[in-house]
Amino acid sequence: MKDDPRKGPFRRANQDIDAARKVPDTPQARSSAYRLAFADPEFLLREELRPVRLQLELLKPELELDARGIRSTVVLFGGARIPAPEAADKARSAGLRDMSRYYDEARRFAQLITERSVATDCTENVIVTGGGPGVMEAGNRGAAEAGGCSIGLNIVLPHEQVPNAYVTPELCFNFHYFGIRKMHFLLRAKAIAVFPGGFGTLDELFESLTLIQTGRMEQVPVLLFGQEFWRNVVNWDALAEAGTISPDDLSLFRFVETADEALAVIDGWTLTGKRGTIPGR
């Protein structure tokens, strides 16, 4: 355990954990009831302890990022199935093979952002991804190639998944709760780059747009890479024409094709602060 500069006069919890391991082996000491509550996995995994587990998942990454002085991030969402160009011939479909170009754009975008981050000693504009393969890997890879750090927010899934090899190890986190993971994506976000993807990417995009639309979050640049893809999967104009969103809501994001274009949008972004009202209501 790291030495805590806030150490007070009381005995520390880790000291009691060590002491509890050295007690005589008796029926009482072997009982689960005797375990220290905070060192008892069976107790912590009880249904009634879910609020505590939620709090722990919120706190652990927050404290680690604070300790490293990370103040702002640039979020990168995108499909886990999109291959790197060198592996495009192994793609599951022709569509995925053709989308391998987005891997390169995500990699390039992360490089450009991280060059700015390095100038702040990796405290501002730190790339954050879901930590997995595909576009996520490209983001962490670009950051590593630029000589900076990047964050990976992994989540335990039923199928095997490991963090990609480019996430900064000290900034590689694992989650049980999707909701807490989503909070960490956006808590420090100064821009959101969204590449083609599936259900998870769509979920992350629309949750981000909803928070911005309703004034629950600052109006940060939301960049949709690949206008053709995004116009094919979402009829944005039809939503506005139907009145289910306001025409003004279409200004909350921009379509871009390249990393350089995305940086130009970020640098020229003029929407600031939180919305005070929801247009059309």
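This is a predicted model: local features need pLDDT of at least 70, side-chain atom pairs count only at pLDDT 80 or more; totals for chains, interfaces and linings use all residues.
I traced seven strands in an open sheet, in the order 4-3-2-1-5-6-7, with parallel pairing. Which strands stand at the edges? I noted strand 4 (172-175) and strand 7 (254-256) there. Each has a single partner strand, so one side of each is left without a neighbour in the sheet. The twist from one strand to the next averages 25 degrees.

Strand 1 (residues 73-77) and strand 2 (residues 126-129) are joined by three bridges in the parallel sense. Threonine 73 has valine 126 of strand 2 opposite it.

**Helices on the sheet**

I checked what lies across the strands. Helix 8 (residues 178-186) lies across strand 1, strand 2, strand 3, strand 4 and strand 5 (189-194). I wrote down about 165 degrees for helix 8 against strand 3.

I turned to the largest nonpolar core, which has 64 residues. Which of its residues touch the most other members? I listed Phe109, Ile151, Ile192, Leu224 and Trp236. Helix 6 (residues 100-118) gives the most to this core, namely seven residues. As general background, I noted that nonpolar side chains tend to be buried together in soluble globular proteins.

Leaving aside neighbours within four places in sequence, I found leucine 224 in contact with Val194, Leu205, Trp230, Trp236, Phe253, Arg254, Phe255 and Val256.

I also looked at helix 6 on its own. Helix 6 has 19 residues, and the distance from its first C-alpha to its last is 27 Å. That is close to the 27 Å expected at 1.5 Å a residue. Its buried residues include Tyr102, Tyr103, Phe109, Leu112 and Ile113. Arg107 and Gln111 are also among the buried residues of helix 6.

**Salt bridges**

I counted 22 salt bridges in the structure. The general point is that side chains of opposite charge can pair when their charged atoms come close.

Arginine 11 has a relative accessible area of 53%, so it is exposed.

Next I took aspartate 260 and arginine 108, whose closest N and O atoms are 3.8 Å apart. Aspartate 260 lies in helix 12 (residues 259-267) and arginine 108 in helix 6, so this pair ties together parts that are 152 residues apart in sequence. I recorded aspartate 260 as partly exposed, at 47% relative accessibility. Arginine 108 is also partly exposed, at 34%.

Then I checked glutamate 145 with arginine 141, a salt bridge of 3.4 Å from N to O. Where do these two residues lie? Both are in helix 7 (residues 135-145), four residues apart, which is about one turn of the helix. Glutamate 145 is partly exposed, with a relative accessible area of 38%, whereas arginine 141 is buried, at 12%. I followed the shared partners and found Glu86, Arg107, Arg141 and Glu145 joined by salt bridges into one network. Arg107 had already come up among the buried residues of helix 6.

Key
Residues are numbered from 1 along each chain as its sequence is written. Side-chain values use heavy atoms; hydrogens and water are left out. A nonpolar core is a set of buried Ala, Val, Leu, Ile, Met, Phe, Trp, Tyr and Cys residues joined through side-chain atoms within 4.5 Å. Buried means under 20% relative accessible area, exposed over 50%, partly exposed in between (1.4 Å probe, protein chains only). Contact means heavy atoms within 4.5 Å. The expected span of a helix is 1.5 Å times one less than its number of residues. A salt bridge is a side-chain nitrogen of Lys or Arg within 4 Å of a carboxyl oxygen of Asp or Glu. Two strands pair if DSSP finds at least two bridges between them. Axes are lines fitted to C-alpha atoms, for helices over the stretch in contact, and angles run from 0 to 180 degrees between N-to-C directions.
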